[in-house]
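The following exercises treat the contacts between the chains of an assembly and the pairings of side chains within it. Each task is followed by a solution in steps.

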Protein chains: 4
Amino acid sequence: MAVKTFEQYVASLRRLRPTVYMFGEKIENVVDNPRIRAGINATGATYELANDEKYKKLITTISPFTKEPINRFTLPPQSVEDLVMRVKVNRILGGYVGTCHQRCTGLDCLCTLSIVTYDIDKKYGTHYYDRFMDFLKYMQAHDLTGNASVTDVKGDRNLGPHEQPDKDMYLRVVEQTKEGIVVRGAKVHQTGSLSSHEIIVLPTRAMAKGDEDYALAFAIPSDTKNLIHVVGRNSMDTREIEGVDCGNIRYSKYCPTLIFDEVFVPWERVFMFRESEFAAEMVSRFSAFHRQSHGGCKSGKIDAMTGAALAMMEYNGTAKVGHHKEKVIDMIHIAETLYGCSLAASYEGKREASGTYFIDPILANASKIHEGKQMAEVTRIMVDIAGGYVADLPSDKDFDNPEIAELLKKYLKGATGVPVEKRIKMLRLVEKMAMESADTISDIHGGGSAAAHRLTIYRESDTNYKKNCAKRLAGIED
Amino acid sequence: MAVKTFEQYVASLRRLRPTVYMFGEKIENVVDNPRIRAGINATGATYELANDEKYKKLITTISPFTKEPINRFTLPPQSVEDLVMRVKVNRILGGYVGTCHQRCTGLDCLCTLSIVTYDIDKKYGTHYYDRFMDFLKYMQAHDLTGNASVTDVKGDRNLGPHEQPDKDMYLRVVEQTKEGIVVRGAKVHQTGSLSSHEIIVLPTRAMAKGDEDYALAFAIPSDTKNLIHVVGRNSMDTREIEGVDCGNIRYSKYCPTLIFDEVFVPWERVFMFRESEFAAEMVSRFSAFHRQSHGGCKSGKIDAMTGAALAMMEYNGTAKVGHHKEKVIDMIHIAETLYGCSLAASYEGKREASGTYFIDPILANASKIHEGKQMAEVTRIMVDIAGGYVADLPSDKDFDNPEIAELLKKYLKGATGVPVEKRIKMLRLVEKMAMESADTISDIHGGGSAAAHRLTIYRESDTNYKKNCAKRLAGIED
Amino acid sequence: MAVKTFEQYVASLRRLRPTVYMFGEKIENVVDNPRIRAGINATGATYELANDEKYKKLITTISPFTKEPINRFTLPPQSVEDLVMRVKVNRILGGYVGTCHQRCTGLDCLCTLSIVTYDIDKKYGTHYYDRFMDFLKYMQAHDLTGNASVTDVKGDRNLGPHEQPDKDMYLRVVEQTKEGIVVRGAKVHQTGSLSSHEIIVLPTRAMAKGDEDYALAFAIPSDTKNLIHVVGRNSMDTREIEGVDCGNIRYSKYCPTLIFDEVFVPWERVFMFRESEFAAEMVSRFSAFHRQSHGGCKSGKIDAMTGAALAMMEYNGTAKVGHHKEKVIDMIHIAETLYGCSLAASYEGKREASGTYFIDPILANASKIHEGKQMAEVTRIMVDIAGGYVADLPSDKDFDNPEIAELLKKYLKGATGVPVEKRIKMLRLVEKMAMESADTISDIHGGGSAAAHRLTIYRESDTNYKKNCAKRLAGIED
Amino acid sequence: MAVKTFEQYVASLRRLRPTVYMFGEKIENVVDNPRIRAGINATGATYELANDEKYKKLITTISPFTKEPINRFTLPPQSVEDLVMRVKVNRILGGYVGTCHQRCTGLDCLCTLSIVTYDIDKKYGTHYYDRFMDFLKYMQAHDLTGNASVTDVKGDRNLGPHEQPDKDMYLRVVEQTKEGIVVRGAKVHQTGSLSSHEIIVLPTRAMAKGDEDYALAFAIPSDTKNLIHVVGRNSMDTREIEGVDCGNIRYSKYCPTLIFDEVFVPWERVFMFRESEFAAEMVSRFSAFHRQSHGGCKSGKIDAMTGAALAMMEYNGTAKVGHHKEKVIDMIHIAETLYGCSLAASYEGKREASGTYFIDPILANASKIHEGKQMAEVTRIMVDIAGGYVADLPSDKDFDNPEIAELLKKYLKGATGVPVEKRIKMLRLVEKMAMESADTISDIHGGGSAAAHRLTIYRESDTNYKKNCAKRLAGIED
């Protein structure tokens, strides 16, 4: 059965045995660890909605490769419509989980590989594309989630991969055998690596001469030997562990550091090997797809944030305050800007040689630049509207303590007729969406830095055309 | 021949005899008045490019109504592709004329009427749609330009049309005969009214009970008796009259006040008559179409402005200055934001009952809100990059004065090897694009005020959906 | 001895026995609770620096009332110099603690009362000013910290105090005896209430007819009977409790909800009683002083944030990246804007009837409006520069776990030659300053909402003067 | 008599015989040329208000050098109060003339020279300071206006002065005799050069080895032989020439290009000669003073712009529209930000070796950065509020044309009871303040580019102090 249910998805993760550390301890049962489970639930929403009558048609389709129904999160786009659906599905999911659902990154890797393996083969007569297609069909057949392992630790930012004093600052091949390769290095900010069945590795940057050992792409199961997930700190992480004051009652996000401490990769899972001049294409395709994804999921998250602001206005009794309404309009405007540019990037997509469709990179990056700057503004507005209690709301445990529970409920009442519990719950959600670091910081750093997005729109723009427009109007002939 | 050439267009205008005043004088020869002619040339570009091998396919198409080749500026969109082409054609033209080409407003009226006349007929059994289709075919057959006569003078903004002390503050019917109606009032900011063959009148706002006399739509030739065009002042208007220091060597913009001093309209040209509840739909459809148009032409104008900035960097010797490049990226980003949102609005368009396609109003307005705020920023950046001479460049007449010409040319040199004439011409173009009032102020007021655009995205958004997203995540059940 | 040391301050708090709840439990030892202690340490810095040779002259002065050396945090300004020193001392402290030091609010209450009690007496012949001066001298003599108890819970924002269904939504008098009054209500966001010896209560808004019971000002010890401090949740609070991953190694902030569950106040501590028309002056004076304070401490916090960004550039190896430097300049510019407007507000201060100096409210509010919008931008920039590890840095416990410690240290290295520990510590500080809710949310809500600041600058501006400037230039005579 | 009246000022200009070209013609009677006269009137306002009972005390003072009453525009600040008065006087004048009054630049040169000549003498034993003081006393005794001749034409921006192919791209000495020196070059954007008695020349940038010939400072009468003023184009310049549609009924601005075609300067007027290492100090002092001046005059201009917006709201009938009020608040906030930072820069000023006071350069530049970005926003808002007629208001000549005058007056009416003439005049003023290039472009380029202001605040900031704040909090010891 190619489209898994939420339950089947969780059961499939339960069969994996990844090596995981968190807060100084080794974690054996990942799936039932409440901190990690909140992230798994978010990815699980992509399975849940695929089986929901209302969203089924949006999220599932027929694979042109396996000819079976599949979840769109396993399909590199084969048409403009597929590109557009990526954005629409992400927007729905963003509003549904109110955070990152974490499944887009793996898909963005599949999209990238489906184009670039083909291009490498064409130049070198290699057979990466066939290998990749086998892997893709496997992902589709089992409805698996992939994790994008792209961002290296980078060491000294002044130096390229092979120039680093410690050669492992970018993931590299350290051994090569008949069966496969052994790699060493580390990838960071691995959103949802434990919610994923497969870790898909791409290079994080363009590679220069001398960097051949670093020009690698491959995929391995998330519980491969010597692969270590270290779940770092997020600002509100202990609440999920304690099961109190979570804000978002179901979903959250975590982003481990992933250490490849001499990990073996069989040849059939190697999709690029030392073709260093294709590293740049890998990363630029991936980034472009990922920025397109963000235009969907982040506008969806703003839907939830806008809804929280509107609910707080209702609960506080400020629903008719003019400047609050103006601020809500600002939130809507930002969401639609992200969404509009990302949609346009999709509609303007073009077919690549392999048959996969690629978005317009200028418009995709235009969307991401807004995200990097404006999500912080959306957050600020939501907090402004919600009120100061976002900072210091008493704990649910206090509301359960009979010595003060009634006093707290008395004094936290808002608009007449609104149960105090609603106001408290919504304030807690606002706190979560505003102050939880894993997701808010991805607004800034997800899909590369703002500087990279800016450089991309400059590089991709036809500046000569623009100059010629001006020269003609000024009457200048060259 | 349904697709006119530039020359045929100018010749056709020459046959009209409109009543025109400018700077205190009556103008008899409109077409050869250099101030007005610069505007006519801009509209003329829509004819010119329709006959240009490179752009022909973009700008012309086959009319589904007349089955003949037509200029797209006479076609209400009959498909998503037609909607998208509106934006793309406008972007090309914006870069081509570096100002407003003035022909979109008439088309936006045609688009509007092709939807709303059908809707009125459906409710009232009237025959506006057929009348309108006759008019449309006439426009197509002769490749005519229409002018959108929408914005009334409004008098006291606190009062509705029928509440005004002077009843003519909104255009209204003052007499009704068997042959037609007589109307009185005035419309302002009539961009290109003298570059147009036809004046197409729509109401400027929703109408309340009591406002029936004001609920009118119709079309009349631009030289109809008792119709008076008063061409107002623009900031650099005398330069075109003197033929010196124009900056943009071919194109400009003007926006008369149009006084309907008891003007007769025959019934076959009346497209709405006292159906006041449809006034709101008229204006909201028109505004949405017009905001979509702006997303194209203004991003095209930014192309020319960006090109001017890049050329100035070259001519000044600052092509490698880092912060200049960052500023150019800001310009590009703004252009792509306008364009992306407007494109998305088009791709997401839907078919209306009459068969015309209508854009997504949220995305179209999202584009316009950026225009209203960010075009001023684009201008500021262009001036920042170009340098202080935008403020006070000596006149071409000084460069022609032998007493000082050589001294001026000596001292106005820029980067080594760049002829001083290029630098002077480009500075003059920058001045034109930055300081010419007719076009820059339409960034703010064209297509209605920012407040109207903001209200629209709020009204059209599904705020309940957003609230429900948040409530579900917070665990609130109603 | 009127100027306490840090140790004397802590010892003095140890003698208090406040009623405190946190996370569902009653807290008996407040001073040694690590969560609260981090806040006490921040306030303690005001004592520490008063005994530091470098800052002594800045922070201490001679009281014109007691003629003894005092800490400036007990002195209502008696000169323009005193006003200016408020801002300068706060800037130093902001950089020194990297968060809110929490002692300004009490001083802002003293400043307010030193003006308004005098004004009330003048109108009503009451003796509040003398009572207040006794209280002030007591504060000075013992170098005590006060807490500003201003913000009521407010209930339904649509309704005034006496219109609320529950009459206790604003703090009010419920009983009056010969000895004093009994009050009921709750005050929220009580920054540093447990770091304070005295709780100083002012009304939170202007009062209308019918609101007399709510027009109260008084002071009581922070451990008064029936006064309950409920310490709410902040985003990173458990880290201090666990003593790990704190980021800021010494200082933090907490903001309890304070419930006055029928609290007795003796007459000698009552500074306003039912003079409802003075409530507006109380709150507007307090807000203005508090907004001035923010201009100092928040620019000081930006100093620390800018320093963190610069250190991260050094540790990451991006010290020479052009766009990073531009972003640092943005941070500096924002700091200086807050500081400059707040300083100007101080220098333009004027003497009030009682002898206390009051700042220029327009300039003080101009500073605060920038804070409300731009601190979020400063935070965004700092995170942008620091890198993605702000989101998900492994715990110090992981760095202590021998199974993975060396791997983590290997892979978290940055620029050549920088010890990895420095990079880790600085990333943790950045996380703290960016994602800790208590302090970041005070950027938005501290000193009232942005809407209030905006209204203030409008109300205080001479709009007629401005209109007359324009009319004269336009040649309009009235 | 040391304080001239407006009439005496105009009479004194009438005695000069400068060489002037404008729009291709030589101008003989400068004072009565309406284009130039509008600028002279603006400078004249500094004389007018010095004799106005209301402002006399603000604008005049006693010279510590001549011991006579002088206009503050001839006084280098000798105290913090003098620094503060510079800002306050400029604010008043900005609102009074609604444009640039053009007299600050000369004063900013005097301020600069009063510091730097002293410093040069100290190093080299030269006698520039005495020479300068003689010149200063002459300026004070006759209440003269100076013009800052700073900005060179610069040629190729990639190259320093002595590296240019044409050596005259920066003004330089070409001959040296016993009587004095002969200089060649050109200075641009010479605001008010024909409203000035004296031209005061400073270098425009730091000078490197090899640039000695360019390291010059001196002063000469504005009608010196071989000194040519070329008045360039401003966007609305012909209106003043025609005397119609001026908007601002009295005042305007013009900025000639000034060509020094081998001009003789006697030694007693030379204030720096080849001491190239002092060029940087000259320009940085001048810029800092000039940026401080802008903080005053531009906030004053915003007062007039805000007043125009408020008047338009009244005349249009939108005085109670909520978003209009919010926009006015934005305008006020920007004005106060410029003013506040500039005031703070003044109050924090320090005495230099010569006795002149110098402002805090960080705060002065912080003000200017806001101006460079936010004046465009103020303009945008004013236009947004005023309405679309800013773009295309019929000419006063049309209102005088009996064929259409009554129709125009009928249709341009606004709010009930407001004479149509008021609305028309105010719209015209808005157009002037928004679209007149000479003044609006000085918002961006006056006092150097934004990049220069940004660099200054970075360079002047103590970044080590900031880093140390962060390191201490993070627990990092070096």
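**Exercise 1. The interface of chain A and chain C**

Solution. 

Step 1. The model is a predicted one.

Step 2. Between chain A and chain C, the count is 10 salt bridges. To these may be set 45 residue pairs in polar contact across the interface of chain A and chain C, both residues being at pLDDT 80 or more.

Step 3. On the side of chain A that touches chain C, the largest share comes from helix α10 (residues 361–386) of chain A, with 7 residues. By class, this side of chain A comprises 36 nonpolar, 24 polar and 27 charged residues.

Step 4. Chain A gives 87 residues to the contact and chain C gives 87 residues. The area buried between chain A and chain C is about 6800 Å², of which 57% is on carbon and sulfur atoms.

Step 5. Chain A is superposed on chain C by a rotation of 180 degrees, with 0.0 Å of shift along the axis and an RMSD of 0.0 Å. Of the interface residues of chain A, 100% are also interface residues in chain C, so the copies meet through the same surface.

**Exercise 2. The interface of chain D and chain C**

Task: State how chain D is superposed on chain C, and characterise the contact of the two chains.

Solution. 

Step 1. The superposition of chain D on chain C takes a rotation of 180 degrees with 0.0 Å of shift along its axis, and the RMSD is 0.0 Å. The two copies are therefore related as by a two-fold rotation axis. In chain D, Ala344(D) has the C-alpha nearest the axis, at 2.3 Å from it.

Step 2. The contact draws 65 residues from chain D and 65 residues from chain C. Because 100% of the interface residues of chain D are also interface residues in chain C, the copies meet through the same surface.

Step 3. About 5800 Å² is buried between chain D and chain C, with 63% of it on carbon and sulfur atoms.

Step 4. The rule finds 12 salt bridges across the interface of chain D and chain C. Arg454(D) forms a salt bridge with Glu326(C), where the closest N and O atoms are 2.9 Å apart. Residue pairs in polar contact between chain D and chain C number 28, both residues being at pLDDT 80 or more.

Step 5. Several elements of chain D give two or more residues to the side that touches chain C, among them α4 (80–97), α8 (279–316) and α9 (322–347). The largest share, 15 residues, comes from α9(D). By class, this side of chain D has 33 nonpolar, 13 polar and 19 charged residues.

**Exercise 3. Chains that do not touch**

Task: How far apart are the nearest C-alpha atoms of chain B and chain C, and of chain A and chain D?

Solution. For chain B and chain C, which do not touch, the distance is 8 Å. For chain A and chain D, which likewise do not touch, the distance is 7 Å.

**Exercise 4. Pairs within chain A**

Task: Locate the salt bridge of Arg184(A), and classify the ring pair of Tyr118(A) and Tyr129(A).

Solution. 

Step 1. Over all chains, the search finds 176 salt bridges. One of them joins Arg184(A) and Glu262(A), with the closest N and O atoms 2.3 Å apart. Arg184(A) lies in strand β7 (residues 180–187) and Glu262(A) in strand β11 (residues 257–266) of chain A, so the pair ties together parts 78 residues apart in sequence.

Step 2. The aromatic pairs over all chains come to 42. The ring centres of Tyr118(A) and Tyr129(A) are 5.2 Å apart and the planes stand at 90 degrees, so the pair is edge-to-face. Tyr118(A) belongs to helix α5 (residues 104–124) and Tyr129(A) to helix α6 (residues 128–142) of chain A, 11 residues apart.

Conventions: Residues are numbered from 1 along each chain as its sequence is written. Chains are lettered from A and ligands numbered from 1 in the order in which they are written. This is a predicted model: local features need pLDDT of at least 70, side-chain atom pairs count only at pLDDT 80 or more; totals for chains, interfaces and linings use all residues. Side-chain values use heavy atoms; hydrogens and water are left out. Copies are superposed by least squares on the C-alpha atoms of residues with pLDDT of at least 70 in both. Contact means heavy atoms within 4.5 Å. Buried area is the accessible area (1.4 Å probe) that two parts lose on being put together, summed over both. A salt bridge is a side-chain nitrogen of Lys or Arg within 4 Å of a carboxyl oxygen of Asp or Glu. A polar contact is a pair of N or O atoms within 3.5 Å; within protein, one must be able to donate a hydrogen and the other to accept it, and residues adjacent in sequence count only if both atoms are side-chain atoms. Helices (H or I, at least four residues) and strands (E, at least two) are DSSP runs, numbered from the N terminus. Ala, Val, Leu, Ile, Met, Phe, Trp, Tyr, Cys and Pro count as nonpolar, Asp, Glu, Lys and Arg as charged, and the others, Gly among them, as polar. Rings of Phe, Tyr and Trp (its six-membered ring) pair if their centres lie within 6.5 Å; planes under 30 degrees apart count as stacked, over 60 as edge-to-face and the rest as tilted.
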